[in-house]
Amino acid sequence: MLSLSSLPAWAFSIDDVASQAEKLAAKGYEAPKSNLPAQFRDMKFADYQQISFNHDKAYWNTLQTPFRLQFYHQGMYFDTPVKINEVTATTVQEIKYSADYFNFGPVNHDPETVKDLGFAGFKVLYPINKVGKDDEILSMLGASYFRVVGRGQIYGLSARGLAIDTALSSGEEFPRFREFWIERPKPEDKHLVIYALLDSPRAAGAYRFTIYPARDGIVDVQSRVYLRDKVGKIGIAPLTSMFLFGPNQPSPTINYRPALHDSNGLSIHAGNDEWIWRPLNNPKHLSVSTYTVENPKGFGLLQRGRNFSGYEDLDDRYDLRPSGWVEPRGEWGKGKVELVEIPTADETNDNIVAFWTPETLPEAGKPLELNYRLRFTRDEDALHSQDIAWVQQTRRSTGDVKQSNLIRQPDGTVAFVVDFHGPVMEGMDEQTPITAQASIGDNGEIVENSVRYNPVTHGWRLMLRVRVKDNKQPTEMRAALVNGETTLTETWSYQLPANE
């Protein structure tokens with residue numbers, strides 16, 4: 001048994017970071033100043049990519065631990081340094097920048113101009129796919145963005161520490177992690193603990209991330225956010241992704257890829273146990289959709305459909321990109337899950353954001369404390385309750401009717417094919433009288449609502465044909481399959497974007 005005298009007298013915790021965040025929030029914001037020479041500030045992305053970390057100098061290389069750290073060099077818009085510290089059982093020590101960590105390749109530079117620079121961020125390596133082979137499992141770079149992968153995954157969507165005023169006309173504020181503290185892992189540790197201090201004009205915050213590398217990439221997050229000033233909207237556990245086109249919104253130009261996206265839908269598990277699926281769009285105008293949810297049980301941006309044939313892209317492998325799922329810890333109270341969809345012409349722009357926004361915010365100086373687990377997974381089916389079916393795919397088509405001569409004739413409607421599947425349906429008799437409870441907003445009418453058994457998936461297929469009244473306005477729809485009084489599926493919630 002340990003006596004009190006044998007316990008360590010000193011330990012670093014989120015309280016230490018929160019104390020700094022509280023002090024920051026109590027005084028005026030000081031914008032970080034760039035220390036970059038013009039050559040590094042003005043470089044193009046292709047040039048920045050030429051600066052690589054020297055793998056032989058990975059931090060903790062000589063320790064008996066499977067974790068390694070590598071660092072990002074400053075450059076382009078990563079123009080202010082972030083401070084990175086190592087936490088041991090007895091000390092906190094800054095990891096000092098050195099140009100020797102990096103290979104600059106063809107980037108010509110004066111050594112004198114870089115000697116006083118810093119790190120832009122860092123990455124964590126761990127042998128997640130093969131024993132003895134380091135794999136990048138986490139990247140912290142830019143504002144409060146970070147990306148995580150599990151076994152057999154490649155980077156796709158990003159998470160963030162905090163979002164402020166996303167999609168408001170006043171303009172979005174991007175808080176940044178200005179300092180990190182990383183606990184030195186013990187030889188037997190299978191997890192890594194990272195602390196971060198967040199700062200922005202109207203907020204400061206403390207974060208504790210515990211990373212568990214495995215089949216799924218798991219991150220447990222503790223957060224304490226202090227507001228400096230009033231904000232229009234605060235986004236908790238924000239996820240940022242990309243949707244260019246897919247079966248529900250085919251490419252406007254002929255493309256051999258059936259789909260090109262990091263995520264294809266927003267999934268919500270509400271506090272009342274309702275499940276909602278909202279397929280994503282690439283709209284012509286900024287679109288914001290809100291779902292009022294009290295004490296959410298989960299939400300996330302998912303990549304449903306894992307067959308390579310759904311993407312056909314050998315270079316970017318969208319079929320291997322993870323879904324991001326947020327599991328709140330404790331009760332978050334009243335609020336809403338918000339989805340922001342931004343027009344984009346190519347896949348280089350993240351145009352999808354989803355987050356939780358609370359109904360009421362704390363007073364200045366009082367912390368907003370919310371904890372959650374982030375899961376990065378390719379096993380979307382495992383996220384769901386097995387007693388309710390979910391949407392397997394949504395396909396949009398020109399609506400048509402089959403004439404007496406068997407020729408299909410477009411009739412001015414828009415058709416949606418929605419396939420539902422799940423264990424609850426697999427054992428059901430195909431003659432089960434399943435129907436759809438479907439509704440549409442004021443901008444449209446439903447002209448066909450039919451459900452039939454799908455012998456290929458052993459699920460059921462919903463066919464909706466709708467007539468839109470004003471193509472310049474979006475059209476909202478909802479549908480769920482029922483057997484009498486029993487709801488069998490999640491709610492399919494879709495917004496047909498405006499055409500102009």
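1. A helix here is a DSSP run of H or I with at least four residues, a strand is a run of E with at least two, and both are numbered from the N terminus. With those terms in hand, and bearing in mind that this is a predicted model, we can begin with the lining of the largest pocket, to which helix 3 (45-48), strand 1 (52-53), strand 2 (68-73), strand 6 (119-130), strand 7 (133-141), strand 8 (145-148) and strand 11 (176-183) each supply at least two residues.

2. The largest pocket has a volume of about 1,600 Å³, and its lining is made up of 50 residues, among which Phe 45, Tyr 77, Phe 78, Leu 141 and Arg 147 lie nearest the centre.

3. According to an unreviewed UniProt entry, residues 12-495 carry the annotation "domain: Glucan biosynthesis periplasmic MdoG C-terminal".

4. Is Pro 455 buried or exposed? Pro 455 is exposed, because its relative accessibility is 55% and the cut-off for that class is over 50%. Pro 455 sits in the loop that joins strand 29 (444-454) and strand 30 (459-468), and its C-alpha atom is 8.3 Å from that of Glu 430, although the two residues are 25 residues apart along the chain.

Technical notes
Residues numbered from 1 in each chain as written. Predicted model: local features only at pLDDT ≥ 70, side-chain atom pairs only at ≥ 80, totals over all residues. Heavy atoms only, no water. Buried < 20%, exposed > 50% of the residue type's maximum accessible area, 1.4 Å probe, protein only. UniProt positions renumbered as here; feature names shortened; annotations may be inferred. 1 Å grid on protein atoms, 1.4 Å probe; cavity = no way out; pocket = protein on both sides within 12 Å on 5 of 7 lines; lining within 4 Å. Points joined across faces, edges and corners; volume = space filled by probe spheres on them.
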